[in-house]
Amino acid sequence: MSISLNELLHYDYFKSLELIAGANGCSRQVISCSILDYEMDRSVNQKYANLNFLPGQMVVTSLLFAKNAPFMIRDAVKYLISKDASALVIKNVFRLPIHESILRYADSKNFPIFLMDDTHMFFEDFIMQVGRCVEIAESTEMASREINALLYQNLNTGEKKARIHRVFPIFYDQYAIARFDTEHSTVTEDYPSQASAALKNIPSNSLAKSVLRYDKGFFLFLSGASIKEDELNDCIVPLSERFPESSVGVSGVHFRMEDADKALHEAIYAARVHKLNRKTLNDPSRYQSFSGIGIYRVLLPLIDNEELQQYALGLLDPVLEFDAENRGRLLETLLEFIQCSGNLHKLSARSGQHENTLRYRLDKVAALTGLNYRKMSDYEQLALAARVYLLVND
């Protein structure tokens with residue numbers, strides 16, 4: 001199992017490393033870490049020379065081997081490249097010059113070279129941290145495979161139980177799952193460890209807790225003989241405060257292990273609605289429960305359906321065209337009107353615009369679409385179209 005250099009550099013521990021060459025090679029995979037000090041030293045027994053490096057290894061060095069022969073740095077770089085090492089990290093304690101030609105050569109081979117300037121970084125700890133990150137990547141990949149199978153494959157009851165038990169081994173009579181979804185393209189921290197540490201500061205309750213990194217965020221699995229709402233709040237709210245950039249969704253409480261796929265979907269759907277509400281309504285709530293997402297319980301499982309999108313978005317085409325040609329705000333007003341549950345007074349207070357202005361725009365929407373927002377059956381169609389638009393363009 002391996003982790004890419006780019007992923008490794010997202011961890012706080014490695015953020016002090018300075019990349020001085022080979023930037024285009026940061027997609028290289030790291031399987032482990034080793035030390036280069038005596039191996040290139042020609043004065044020691046040859047049985048130690050050039051034997052300790054494997055493809056994918058990250059190599060750290062103090063340049064001890066080159067202390068009296070700086071030209072050996074070039075030889076070491078060439079040798080590591082020939083061994084398909086992933087990168088070289090130099091703690092230049094002897095202040096040896098690293099010639100520009102060496103850096104140009106590393107650039108030409110897309111071989112990353114880093115400087116370790118942190119005096120509190122020690123090789124043994126560095127190697128352990130790399131190993132720990134590789135282990136996290138391995139467990140994350142395994143868990144992602146199991147969760148993806150639960151979410152997207154048609155499994156029988158036995159297969160569901162086996163897969164969910166591998167990722168969340170502690171099961172009591174009841175359980176719920178919370179999804180923490182970030183805006184980042186990659187998770188920039190060791191989220192599971194941070195979340196687990198934060199959970200330790202929560203007053204003890206009867207729930208078993210497990211954190212699992214997945215995609216852009218993590219899942220929190222909570223299980224107990226009986227799950228009470230205040231216990232869920234005690235666990236979820238502190239984590240939402242610790243990760244304020246996360247959209248958070250919480251599944252309903254489930255009883256059967258084979259329903260874990262449903263719980264996962266519910267948590268994902270609720271997190272998506274939480275993200276939408278925070279963006280469009282400035283919703284201050286710390287999380288969104290699945291039980292409170294309303295019509296989205298029906299829309300989200302079907303949102304990728306082409307016919308649904310064509311029907312709903314087709315209703316809005318005249319509005320989109322009008323706004324494009326006239327720099328209008330009809331669609332914005334309609335979306336906010338729907339998000340305010342069709343309450344014009346609420347929309348006026350929220351937007352700071354006079355009700356007559358808003359009413360004029362909504363009347364224009366009615367003229368363009370043939371759907372009158374004052375008529376319940378027409379409002380339902382506009383609401384459907386607006387909600388599909390919000391989800392598709394999220």
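Helix H8 contributes the most to the lining of the largest pocket, with 6 residues; helices (H or I, at least four residues) and strands (E, at least two) are DSSP runs, numbered from the N terminus. This is a predicted model, in which local features need pLDDT of at least 70 and side-chain atom pairs count only at pLDDT 80 or more, while totals for chains, interfaces and linings use all residues. Residues are numbered from 1 along each chain as its sequence is written, and side-chain values use heavy atoms, with hydrogens and water left out.

**Largest pocket**

- The largest pocket has a volume of about 560 Å³, where a pocket, on a 1 Å grid over the protein atoms alone, is an open set of points with protein on both sides within 12 Å along at least five of seven lines, and a volume is the space filled by probe spheres set on the points, which are joined across faces, edges and corners.
- Its lining comprises 21 residues, of which Tyr152, Asp181, Asp215, Ile268 and Arg272 lie nearest the centre; lining residues have an atom within 4 Å of a point.
- Two or more lining residues come from each of strand E8 (174-181), helix H8 (260-281), helix H9 (296-302) and helix H14 (376-392).
- By class, the lining of this pocket divides into 10 nonpolar, 2 polar and 9 charged residues, with Ala, Val, Leu, Ile, Met, Phe, Trp, Tyr, Cys and Pro counted as nonpolar, Asp, Glu, Lys and Arg as charged, and the others, Gly among them, as polar.

**Cavity**

- The count comes to 1 cavity of 30 Å³ or more, a cavity being a set of points where a 1.4 Å probe fits but cannot get out.
- The largest cavity, with a volume of about 50 Å³, is lined by Phe168, Pro169, Ile170, Ala208, Lys209, Ser210 and Phe221.
- Strand E9 (residues 208-213) gives the largest share of that lining, 3 residues.

**Helix packing**

- The axes of helix H2 (residues 72-82) and helix H3 (residues 100-108) come within 10 Å and cross at roughly 10°, which makes H2 roughly parallel to H3 (angles under 35 degrees count as such).
- Ile73, Arg74, Val77, Lys78 and Ile81 of H2 meet Ser101, Ile102 and Tyr105 of H3 in this contact, defined by heavy atoms within 4.5 Å.

**Salt bridges**

- There are 13 salt bridges, each a side-chain nitrogen of Lys or Arg within 4 Å of a carboxyl oxygen of Asp or Glu.
- Arg163 forms one with Glu146, their closest N and O atoms being 2.9 Å apart.

Note on methods:
Axes are lines fitted to C-alpha atoms, for helices over the stretch in contact, and angles run from 0 to 180 degrees between N-to-C directions. Angles under 35 degrees count as roughly parallel, over 145 as roughly antiparallel, 65 to 115 as roughly perpendicular and the rest as oblique.
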